Each structure stands twice: as structure tokens, then as C-alpha cells.
Amino acid sequence: MPFRISNDIVDEVRNRTDVVELISEFLPLKKRGKNYFGLCPFHHEKAPSFSVNPERQIFHCFGCGKGGNVFTFLMEYEKLGFWEALTYLARRAHVNLPKRRADAQQGADSDTLFSANTFAAEFYHRVLLRSNAGKRALEYLEKRGFSREMMNLFRLGYAPPGWSNLLDAPEREISPDVLKKAGLVVPREKGGGYYDRFRDRVMFPITNLTGNVVAFGGRLLSESEEQPKYVNSPETSIYNKGKTLYGLFQAKGAVRETGRVIVVEGYTDLISLFQAGVQNVVASSGTAFTPDQARLIGRYTKNVILLFDADRAGAEAALRGVETLFDNGLDVTIASLPAGADPDSYVREKGKDGLSALLRKTDSFVDFIMKRTSETHDMSTVEGMARAVETVVEVLAKQKDEVKRSLWIKKISEEFSIEERVIQRSVNTARRRGDVPKEEQALETTQPTSKTAEQGLLQLILAKGHLLENVMADLALDDFEQPDVREVVELMCDLRREDEAFDTALLIDKLRRPSAKNLVSRLAMEDVPSDEPDRLYYDYVFFIRRARISKELRDVQEALKKAQKQGDDGLVLKLTAQFQELCRLKEKQKKGAPLNRE
């Protein structure tokens with residue numbers, strides 16, 4: 001039997017969650033008039049078209065059209081099912097939810113995959129801290145200097161050796177098929193069945209921005225030439241590696257507070273910095289930065305410090321990071337570690353104060369590239385200097401801010417004793433070559449100049465709720481041709497008949513179609529284009545009724561033609577009478593005529 005949650009609990013969670021406060025946890029908002037605005041997290045844009053209305057407790061983007069309330073924002077932003085969004089918001093609002101038994105047969109939707117990963121994370125964590133099987137892994141982490149507090153905060157765990165420890169766990173309520181879709185088990189090549197993906201590995205759960213576990217990274221505990229040192233979860237419907245940053249859930253508060261983020265490569269680098277008190281840090285998990293990750297950082301800060309290993313691979317990773325971050329409008333500096341050091345070892349040796357001192361001496365990307373190039377090219381030769389300038393120009397061409405680009409060109413000119421116009425010409429050439437994607441056209445964010453009568457009437461009812469009584473008397477549901485409008489009006493009428501008060505946020509909760517939710521959020525955000533609502537109401541109803549009669553006339557005409565061809569005199573007589581009656585109604589349906597049918 002499917003699990004159901006009472007409307008009263010859903011209403012309580014929604015009413016105790018402020019939409020502005022919630023969305024501000026995920027992206028910066030600025031107040032403008034009665035609403036708050038920010039860059040939309042659901043599409044790439046230059047100018048803010050994402051609006052949040054505290055009075056109605058809704059949001060809407062006039063660029064991409066997405067809208068809704070606190071539940072729909074979280075579900076869209078984090079790709080959560082309703083239960084997971086409700087659970088997160090209930091925990092945040094201190095509302096107790098009834099227990100729900102995980103149903104292993106309910107399918108591989110987001111809720112089920114989150115449940116599978118939560119089960120696995122708790123299993124691995126328990127093995128690490130509360131079993132003999134985890135002692136060796138616990139000793140390894142303690143030797144690395146990690147405290148129990150950090151192990152709990154990041155939910156570190158251990159997957160013991162063996163092929164079916166997770167599958168055979170007594171508390172497992174998740175089906176093997178769902179575990180497979182979550183990337184936790186692998187199908188056997190012969191004989192059917194599954195085996196555990198992670199074996200003899202220290203486990204690092206990877207979470208999304210709401211703290212739900214979406215994937216795992218596993219470090220091999222025993223040295224082996226046959227096994228890779230790290231194994232990661234495959235991508236699933238809830239995990240995209242290129243759109244995830246390890247530790248951002250734990251770090252986002254400190255990032256906002258400090259106004260900058262430190263980027264490291266590995267899990268242990270991040271945890272070591274976090275334990276030392278440097279908490280505005282995220283990890284790229286050893287892969288090249290993606291545009292999605294850069295945009296994710298940009299929601300919290302524009303200031304990025306890259307802190308990678310001091311070896312060649314670390315320098316190359318930093319250089320790749322500069323290009324991607326620059327390409328997405330972020331300001332980047334690079335902190336250079338001493339030879340042989342990595343962030344983990346450096347902070348354990350020097351502590352927070354030593355790391356803070358290092359971070360105060362960061363290099364600009366120009367200085368970093370010059371240092372890097374001088375290590376591989378002879379800067380005393382023309383060829384070496386030309387290579388250095390070429391490398392800088394390739395990165396500088398990705399800087400979208402024209403003022404910053406001009407300042408960098410001036411600096412490069414001074415550093416290399418090359419005329420500014422020469423550097424400028426090289427940058428322009430690189431940009432024309434297509435090294436930089438063309439600037440995206442700003443999305444149209446202006447409101448429509450006119451609306452259909454149906455949408456106009458719905459907007460009027462949302463603003464002037466008392467007019468719903470008139471709609472119930474003057475129109476039938478069949479008068480509404482647009483499915484989204486018809487669904488909203490039907491819901492409003494049902495609620496009114498049940499004497500249940502409703503607001504915009506409640507409507508969005510109860511609507512089935514996502515397009516209907518978006519329509520309500522958009523119409524509720526816009527101002528009613530008249531200070532005469534009664535006159536406007538009459539005009540909308542007039543056009544809706546007239547459109548309905550015109551459609552019926554066309555349908556009867558078509559049926560009449562078919563009846564005449566078939567020689568069905570009785571049906572022709574009946575349809576002719578209907579046609580005449582509709583013509584009479586259409587003639588009567590003029591401005592000033594009564595709204596009701598006769």
C-alpha cells in the first residue's frame with residue numbers, strides 16, 4: 001500500500017519555510033521593490049530574471065519559465081522526489097514526520113536512490129566505527145590525523161573485503177536491482193546475481209547541496225597492483241560528476257561568510273583543511289573543472305583560490321582550472337605550495353595560521369603562468385618568451401570582462417616589455433579563432449505585452465480571489481481550452497466547494513502538471529494590468545465564451561456536412577437546429593449582453 005502523508009503536515013512544513021530564506025541558501029538574492037532577484041539556477045543567463053515573491057511564497061524565472069514554491073524549488077534544484085524534499089524541509093523547520101518504511105519494489109526514482117545511498121552510507125560508517133572489520137581502516141584514518149568529529153561530519157566509512165557484505169546486511173530493505181541502479185552493486189557476468197562494487201575501501205560519501213548522499217568515492221586500503229587506488233560511483237539519475245563538488249554542502253556557509261572559496265583536489269586534502277578550521281573549501285575530486293562546477297561555485301562567490309599539489313600534475317590541474325573558471329566570469333588566484341607538499345601535509349605541518357599566511361600570498365593567473373612557463377621554457381630566449389606570452393594570451397582571451405581584460409593586457413605588456421597593442425591584437429585573434437564561445441544572447445526577460453483571455457482571467461482570480469465565485473457561475477470547465485488553465489481553475493473550484501482556503505503556494509503543491517505550476521507562479525508574479533478588475537473580468541469572460549461558441553459552431557458545421565453527405569435527414573435536422581441556436585447565442589454574446597446562457 002503506498003505511503004501517504006497528511007495534507008496538514010505538508011501545509012505545516014510549507015508554512016514554516018520562508019521561500020526567500022530557503023533559496024538564499026543556494027544562491028544570492030537582492031531585493032528590488034517587493035521581490036528578490038538573482039541569476040536563475042535552472043539556465044545560464046547574464047542578467048537576473050529569477051524572481052522570488054515573499055508575500056506569495058513563490059518563485060518564477062521569466063527567462064526559462066520555471067516556477068513554484070519551496071517544494072518545487074528544492075525538487076527542481078536538487079532533482080529530488082517529493083518525499084526527499086519534504087524530509088529536508090521538515091528537518092530544517094523542526095517538523096516531525098511519520099516513519100516511512102523503504103519499499104524495495106517502488107522503483108528507481110530519486111527517492112529510492114537516495115534511500116539506497118543513505119542505507120549504504122550508514123552501513124559503511126557503522127562498519128568503520130563499530131566493528132572489528134573496520135579497525136584497520138579506523139587506524140589508517142586516525143594515523144592520517146582525522147578526528148572522530150570529522151569522520152562523523154563527512155560520514156566516512158569502510159567497505160570490508162568480500163563480495164556481498166552490503167547485499168547481506170541484515171538491515172537491508174533495498175532491492176538488489178535498486179542497489180545496482182544506485183551504482184552500489186555490479187551484475188555478475190556468469191550465474192546471475194550481483195556483487196558489491198566497493199570492497200576493502202575507505203569510503204567517502206559524496207552529497208548534494210541538501211546533504212543527501214548521491215555517490216561514493218572509495219580508496220583502496222590494502223596496496224594492490226591489480227586494483228585501482230580509487231573507485232568512484234558511476235553516474236546515475238541523481239549523480240553527475242561534472243555537476244558536483246565534494247564538500248560544498250559542508251562548506252557553503254563558510255564560503256558565503258568569507259566571500260571566497262578554496263579549491264583542492266582530493267577528499268583528504270579537504271577534510272584536513274576543514275579539521276584545521278579552514279572550512280571554505282571544496283574538492284574537485286582530481287578531475288578537470290567543468291563549466292557546471294564553475295557555475296555552481298559562482299552561486300556562492302566570485303573569488304576562487306586554487307590550492308593544488310606542488311608537482312607538475314598539480315600545476316597543470318591549476319592551469320586547466322583557471323581557464324574554465326575564467327570562462328565563467330570568476331576571479332581566480334593560485335596559492336603555490338612548497339616543493340613536495342600537498343594541502344593535506346602542509347596544513348598538518350603548518351596548521352591554520354601557516355596556511356592562512358600562504359593564502360595571503362597568492363599569485364594572479366598571469367604570475368602563475370609566467371612561473372609555470374619559466375620552469376619549462378628558457379625565458380632568456382625569444383622563443384621562450386613568445387611561448388609564455390602565447391600561453392597567457394590563450395587564457396586571457398577567455399576573460400569576458402572587458403575592463404579586467406584590458407588591465408591584464410597592460411600588466412602583461414609591462415612584464416614582458418611588449419607593446420600593449422601587440423598583446424591586444426593577439427588576444428583579439430584568439431577570440432576570433434573561436435577559442436572563446438560567442439557571448440550568449442541575453443534571454444528575453446520582459447513580460448508579455450498581452451495574454452490570452454484564459455490566462456488573463458486566471459491571473460485576475462489569483463489576485464482577486466472573490467471573483468472565483470463569479471467564474472463558477474458564469475463559466476463551465478469546458479469553456480477553458482488550455483489544459484493548464486483548466487486544471488488550475490478546476491482545483492480552485494474544488495477547494496472553494498470544500499470551504500478550504502487556498503493561496504498560490506498551496507495551489508502549486510496540489511497541481512499535477514509541472515507546466516500548470518509554472519503558469520501559476522508566472523501569473524502570480526505579474527501585476528494585473530488594470531485598476532478596474534470587474535471590467536477586466538467581464539472582457540475576459542466575454543472572449544472565452546465567444547471562443548467556445550465559435551469552436552462549437554465549427555464542430556457542428558463539420559458534423560452537418562458529414563450528415564448531409566450520408567443522407568441522414570434526421571441528424572441534419574437536429575444539427576441545423578443546434579447551428580441556429582449557436583448563431584443566436586453568438587449574436588447575443590456581445591459586449592453589454594448578459595453572460596449567462598439562455
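This is a predicted model: local features need pLDDT of at least 70, side-chain atom pairs count only at pLDDT 80 or more; totals for chains, interfaces and linings use all residues.
In which crossing, left-handed or right-handed, does α19 pass α23?

Reply: The crossing of α19 past α23 is right-handed.

Residues are numbered from 1 along each chain as its sequence is written, and side-chain values use heavy atoms, without hydrogens or water.

Helix α19 spans residues 467–474, and helix α23 spans residues 533–566. Helices are DSSP runs (H or I, at least four residues), numbered from the N terminus. The two axes come within 12 Å and cross at roughly 25°. Axes are lines fitted to C-alpha atoms over the stretch in contact, with angles from 0 to 180 degrees between N-to-C directions. The angle therefore makes α19 roughly parallel to α23 (under 35 degrees; over 145 is roughly antiparallel, 65 to 115 roughly perpendicular, the rest oblique).

Now the side of contact, meaning heavy atoms within 4.5 Å. From α19 come Leu467, Asn470, Val471 and Asp474. They meet Asp534, Tyr537, Val541 and Arg545 of α23.

Elsewhere, two charges sit over rings (NZ of Lys or CZ of Arg within 6 Å of the ring centre and within 35 degrees of the ring normal). The charged end of arginine 32 is 4.1 Å from the ring centre of phenylalanine 37. Lysine 252 lies over the face of phenylalanine 26, 4.8 Å from the ring centre.

Note on methods. Helices (H or I, at least four residues) and strands (E, at least two) are DSSP runs, numbered from the N terminus. A crossing is left-handed if the near helix is turned anticlockwise from the far one by less than a right angle, and right-handed if clockwise.
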